[in-house]
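Please open the structure in a viewer and follow the stops below in order.

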Amino acid sequence: MEGRNDRRYASVFHRTILYGFLSAAAYIITVPVFAASPATIGGPFSLIAPDGSTVTDASFRGKWMLVFFGYTFCPTICPTTLSEIALALERLGPDAAKVQPVFITVDPERDTPDVLGQYTGAIDPRIVGLSGSQRQIAAVSEEYGAYSERHASATSPDDYVVDHSTYIYVMDPQGSFVRGLKAGTPADTIADTLRRLMRKAGQ
């Protein structure tokens, strides 16, 4: 009797587990799955060039863009990264004419168009520095997903540093994001990456 009861309890237990499994499976199958929309990097912008002219994203169509966000008071990352980009242009030789490096300030209060022009010109005149109003900088930062945050010193509100994202955004000649490079990426790596992308695009 005890053996039959054990078998009966086991059978009921197994049926309960099976029913629960099938019910769960049916629920999973019938619940709709929503795919997340792919994130886009880059987009329309309107900024001010060192000569005072208005520059938009369309101004650079037909060229590979290297977009980097930073500021002229940056102690190490920005000058190092821009110097590597300048060296990469040298490594590219004639192909450098197909590339447009763009340095967008995250500190428009101090980085006026004139200040940016002097700064990028001292590194390489082929690098275009872009400034604008706080609203314009916020808008282009949002388009690229670039982060920046100002931190004032304890001694003076006018003395501050700006934390910011440190990626080089590589955009194709149509203005679409291709890939990112870390700040400080060696010039040879930047140049080799651009050569590969150009070959792949048949250039």
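Select Asp192 in this predicted model: the residue is partly exposed, with a relative accessible area of 37%.

The structure holds eight salt bridges.

For another of these pairs, select Glu109 and Arg150, whose closest N and O atoms are 2.9 Å apart in a salt bridge. This pair links distant parts of the chain: Glu109 is in the loop between β4 and α3, while Arg150 is in strand β6, 41 residues away. Glu109 is partly exposed at 46%, and Arg150 is partly exposed at 41%.

Move to Arg61 and Asp57, where the side chains meet in a salt bridge at 2.8 Å, N to O. Here Asp57 is buried, with a relative accessible area of 14%, whereas Arg61 is partly exposed at 38%.

Finally, select helix α2, residues 77–92. Its buried residues include Cys78, Leu82, Ile85 and Leu89. Seen down the axis of α2, the buried residues fall within an arc of 155°, so they line one face of the helix. They pack against several elements, among them β3, β4 and α5. Just after α2, Gly93 adopts a positive phi of about 60°.

How values were computed
Residues are numbered from 1 along each chain as its sequence is written. This is a predicted model: local features need pLDDT of at least 70, side-chain atom pairs count only at pLDDT 80 or more; totals for chains, interfaces and linings use all residues. Side-chain values use heavy atoms; hydrogens and water are left out. Helices (H or I, at least four residues) and strands (E, at least two) are DSSP runs, numbered from the N terminus. The expected span of a helix is 1.5 Å times one less than its number of residues. Buried means under 20% relative accessible area, exposed over 50%, partly exposed in between (1.4 Å probe, protein chains only). The arc is that of the directions from the helix axis to the C-beta atoms. Contact means heavy atoms within 4.5 Å. A salt bridge is a side-chain nitrogen of Lys or Arg within 4 Å of a carboxyl oxygen of Asp or Glu.
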